[in-house]
Amino acid sequence: MKENILNQKGFSLLEILVAMALIAVVMAGLQFGGSKQRDILEETIENFDRAIRYSQNEAILLGKVTRIKIDFESAPVEYVIEQSSKSNLLLGQKVDLSKLSLREREEWEASNKKTNQQFSRSSEFADEAFKVEEPLTIVGMGHLSIEKVQDQGDQSIYFYPSGTREAAIIFFSSENEFAALEINAFSPKTRVLYHNYTEFET
């Protein structure tokens with residue numbers, strides 16, 4: 001019996017220390033990953049906020065309707081800054097694309113195509129669209145006139161020469177959390193709210 005006990009191999013102090021060090025490295029890596037994603041999320045939102053300020057200023061300075069158009073059909077999701085040739089452009093009413101029938105969707109696409117033809121990319125950002133790279137994405141846009149968040153087709157925020165703009169809320173998402181960027185119609189300031197997904201676990 002004594003011989004069996006002596007022959008049993010346990011963990012040495014050195015092995016335990018090595019295991020603890022490996023666990024510490026892994027945990028630090030996870031924390032760094034979460035922190036790194038927050039940094040990227042904040043940078044992405046800051047870039048979008050700059051696009052908002054630029055679009056607002058261009059609408060006022062040029063006296064033309066300007067917009068940020070988000071393409072939810074592209075992968076990754078991308079957005080562009082565009083300007084119209086008019087200051088008093090007549091825009092169609094916002095619609096919930098998820099509630100449209102096939103025929104209504106076709107009619108909307110035809111109307112949307114006509115609207116898009118009246119816009120061209122801003123000369124300063126004409127070369128390429130802004131892409132929201134993985135693991136981040138824009139998951140949807142909310143409007144005051146539509147109850148449901150829109151995540152289909154292309155959705156736009158319009159800016160007018162008068163200094164007003166459409167009120168909207170843009171939802172960004174990473175692997176760990178999502179953020180809501182609120183755009184007020186009359187205030188130049190935006191507001192960002194961050195929520196960790198664990199807050200909604202039951």
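User: Leaving aside its neighbours within four places in sequence, which residues is Ile 138 in contact with?
Analyst: They are Phe 48, Ile 70, Phe 72, Val 77, Tyr 79, Val 132, Ile 170, Phe 171 and Phe 172, where contact means heavy atoms within 4.5 Å. Bear in mind that this is a predicted model, where local features need pLDDT of at least 70 and side-chain atom pairs count only at pLDDT 80 or more, while totals for chains, interfaces and linings use all residues. Residues are numbered from 1 along each chain as its sequence is written, and side-chain values use heavy atoms, with hydrogens and water left out.

User: Where does Ile 138 sit, and is it buried or exposed?
Analyst: Ile 138 is in strand S5, residues 137–143 (strands are DSSP E runs of at least two residues, helices H or I runs of at least four, numbered from the N terminus). It counts as buried at 2% relative accessibility; buried means under 20% relative accessible area, exposed over 50% and partly exposed in between, with a 1.4 Å probe and protein chains only.

User: How far apart are Ile 138 and Glu 78?
Analyst: They're 60 residues apart in sequence and 8.5 Å apart in space, C-alpha to C-alpha.

User: What about the largest nonpolar core, how many residues does it have?
Analyst: It has 25, and Phe 48, Ile 70, Ile 138 and Ile 170 have the most contacts inside it. The elements giving two or more residues to this core are H2, S1, S2 (78–84), S5, S7 (154–159), S8 and S9, and H2 gives the largest share, seven residues. A nonpolar core here is a set of buried Ala, Val, Leu, Ile, Met, Phe, Trp, Tyr and Cys residues joined through side-chain atoms within 4.5 Å.

User: And Phe 48, what does it touch beyond four places in sequence?
Analyst: Phe 48 is in contact with Ile 68, Ile 70, Tyr 79, Ile 138, Ile 157, Ile 170, Phe 172 and Leu 181.

User: Switching to S7: which way do its side chains point?
Analyst: Asp 154, Ser 156 and Tyr 158 point one way, Gln 155, Ile 157 and Phe 159 the other way, and all are buried. With six of its six residues buried, S7 is largely enclosed by the rest of the structure.

User: How do S1 and S7 pair?
Analyst: They pair in the antiparallel sense over six bridges, where pairing takes at least two DSSP bridges between two strands. The bridge partner of Arg 67 in S7 is Tyr 158.

User: OK, S9 next. Which strands does it pair with?
Analyst: S8 (residues 168–173) is joined to S9 by six antiparallel bridges, and S9 pairs with S10 (residues 190–196) in the antiparallel sense over seven bridges. A hairpin joins S8 to S9 through three residues, and S9 and S10 form a hairpin with six residues between them. Phe 178 in S9 is the bridge partner of Ser 173, and His 195 in S10 is the bridge partner of Phe 178.

User: Why is S9 described as largely enclosed?
Analyst: Because six of the seven residues of S9 (residues 177–183) are buried.
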